[in-house]
Amino acid sequence: MKTVLVVDDDKSLRRLYKVELEAEGYRVLTAENGSEARELAAEEKPDAIVMDLRMPAMDGLEAMARILRDEKRIPIILNTAYSSYQDNFLTWAADGFVIKSADLDPLKRKLREVMARASY
Amino acid sequence: MADLDTPQFPFSSSLERRLEELSILYEVSCALQKTLDEERALYTILVGVTSGRGLGFNRAFVLLEENEMLRGRLAIGPSSPEEASRIWRKLRQKHQTLGEVLASINEQTIKKDFKVNAIVDRFQIALSDPEHPLVRILRSRQACRCENGVFQPMRCSADSQTLELLGVADFAVAPLFMADKELGLLIADNAITHAPLELNNLRLLQIYAQQASAALQNTRLYKDLALQISVCESANSTLRETQASRLQAERLATIGRMAAVLAHEIRTPLVSIGGFARRVLRATAAEDPRREELQIIVSEVARLERLIDQVMASTRMIQTEYRPADINELIRSVAAMLRAEISKNGVRLAFELQAGLPAIQADESQLRQALTNLIMNSLDAMPSGGSLTLGTTVEEPFVRISVSDTGAGIAQQDWGKLFTPFFTTKAEGTGLGLTVVNQVVENHRGLLQFNSTPGQGTTFEIRLAIDPEEHVASRRQQPSSPELPS
């Protein structure tokens, strides 16, 4: 069973992503900020990370940069309400960029896509 | 108007006479100071000349310079001894002082004595004739007497026209002038009483004319000033309008920024609401009547998300990244992306793309957004099918991109509002689509135009400069940091 780490500071969204992605057959871990995500990533070595960008303590960009330094192989999907982040070249290091939506299909598709790529 | 039976200056001592003169000048200048209307000033001046308590002439005429001509403007005086006698008797019974007579002048009491005004209207002397006696007097700036048809002390004969018009050979003339220009002439006579013109009278008329000139000049300056003020006021109101429209633009920009922040903040709870609603909907049995209600939540959330996308797109357009872009390729890929939407209502898609277009320096993602918005608008205008034509042509120095539909067209009363944020004619529109298109085109320093015939269709055209190297370079020099929400 593949493991997905979902990082989001919004409690309701963590719950939504957890139940929805579990229904897709993933084991889902959640973290509510960047530093927690970094620890979980190091401990659990998830197969993919779904990362919110705007979070207190450590934001998604910084968390991504640190995780990528430690765990180069883990694909990261940025999942944010802010489409303007796409203009920031720092986000280009991510494997995917999904605008947050109540329709989770694009996120699910992107997850399948990056994990299929990673398993080569 | 002089009393028939009263000597004009019944004072023997010259001191008393001086005092009387001063008091006349004082009264008249007081009255004139209160007058800003030229007509009223002229009338006041003439009343002062003819009043028994004033200078006491029988009749007075004023001629003013106008367009290189000396023209008769106004006159005062009776037309016959009988009329004079009647008027003066009446005035004497009133026992009014000069000040009271002058103070009683207003728009209603200004009446034109018919005969003398018929006379004055016929005075028309070209100033270009320096030999004309009246022109000479005007230029000399000295009052003078005409005795038996000869001006004294100039010893020049009066012209026959003046003698004929006035009907007397004895009269006084005083020029009206200011430092820098001649204004006109004051003519006074005793045509009714034939009382002799005294030297003292003449001297007083000269001083009087100077006061009258100042008053006249005042009314003219006031009129000029009033005109200047009205010009200033109209400039001021234009300025106020400009300020108001700038304020309006700034207000819209502020609303736009606020909307962007709000949109961002709303998105997260919206994803929760919609996401969970979708879950519950999926878990609800097909025959459950609540499915329909859940479906409403899901689709309303989807609508709000689209609104937020539009708001964010409209506020993202601040940064522009230019790269050489193949416009034809861009159009094909946008059309491919919207294939499902285009075919949904049975719209036929046609390309009229000119081969071998020069590359354009453009921000592809912005152009993509603009084209998407235009195409979506066209599709909305053709709910029951039609033709969508996407075209490109080279029109030096531009590449012209056109999006044409055979839809409903845009009502003419909406043309002016098309690019106003949040203006929409659609039930589900955000009113930002064309605002974004306009912003994108502006970012590219291009031109945006449209043609629309209600019932026949609409064409939007974007013109982008083929070689904007210079402005691209200058834009790149501007410091631009990625816009990060704090």
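This is a predicted model: local features need pLDDT of at least 70, side-chain atom pairs count only at pLDDT 80 or more; totals for chains, interfaces and linings use all residues.
Local features were taken at pLDDT of at least 70 and side-chain atom pairs at pLDDT 80 or more, whereas totals for chains, interfaces and linings use all residues. Residues are numbered from 1 along each chain as its sequence is written, chains are lettered from A in the order in which they are written, and side-chain values use heavy atoms, without hydrogens and water.

Chain A contains 4 helices and 5 strands; helices (H or I, at least four residues) and strands (E, at least two) are DSSP runs numbered from the N terminus. Along the sequence, these elements follow the pattern β-α-β-α-β-α-β-β-α. Of the 120 residues in chain A, 52% are buried, where buried means under 20% relative accessible area, exposed over 50%, and partly exposed in between (1.4 Å probe, protein chains only). Between helix 2 (34–44) and strand 3 (48–51) of chain A, the loop includes Lys45(A). This residue is not a glycine, yet its phi is positive, near 45 degrees. Lys45(A) is partly exposed, with a relative accessible area of 41%.

In chain B, helix 10 (residues 327–337) and helix 12 (residues 364–381) pack at an angle of about 50 degrees, with axes 10 Å apart. Axes are lines fitted to C-alpha atoms, for helices over the stretch in contact, and angles run from 0 to 180 degrees between N-to-C directions. Helix 10 of chain B is therefore oblique to helix 12 of chain B; angles under 35 degrees count as roughly parallel, over 145 as roughly antiparallel, 65 to 115 as roughly perpendicular and the rest as oblique. Contact (heavy atoms within 4.5 Å) involves residues including Leu330(B) and Val334(B) of helix 10 and Leu367(B) and Leu371(B) of helix 12.

Helix 13 (residues 433–443) of chain B is largely enclosed by the rest of the structure, because 8 of its 11 residues are buried. Among them are Leu434(B), Val437(B) and Val441(B). Just after helix 13 of chain B, Arg445(B) has a positive phi of about 50 degrees. Helix 6 (residues 133–140) of chain B has buried residues including Leu134(B) and Ile137(B), and is followed by Arg141(B), with a positive phi near 60 degrees.

Two loops of chain B complete the description. His194(B), in the loop between strand 8 (182–189) and helix 8 (199–283), has a positive phi of about 55 degrees although it is not a glycine. At 59% relative accessibility, His194(B) is exposed. Pro397(B) lies between strand 12 (386–395) and strand 13 (398–405) of chain B, and the peptide bond from Glu396(B) to Pro397(B) is cis, with omega near 0 degrees.
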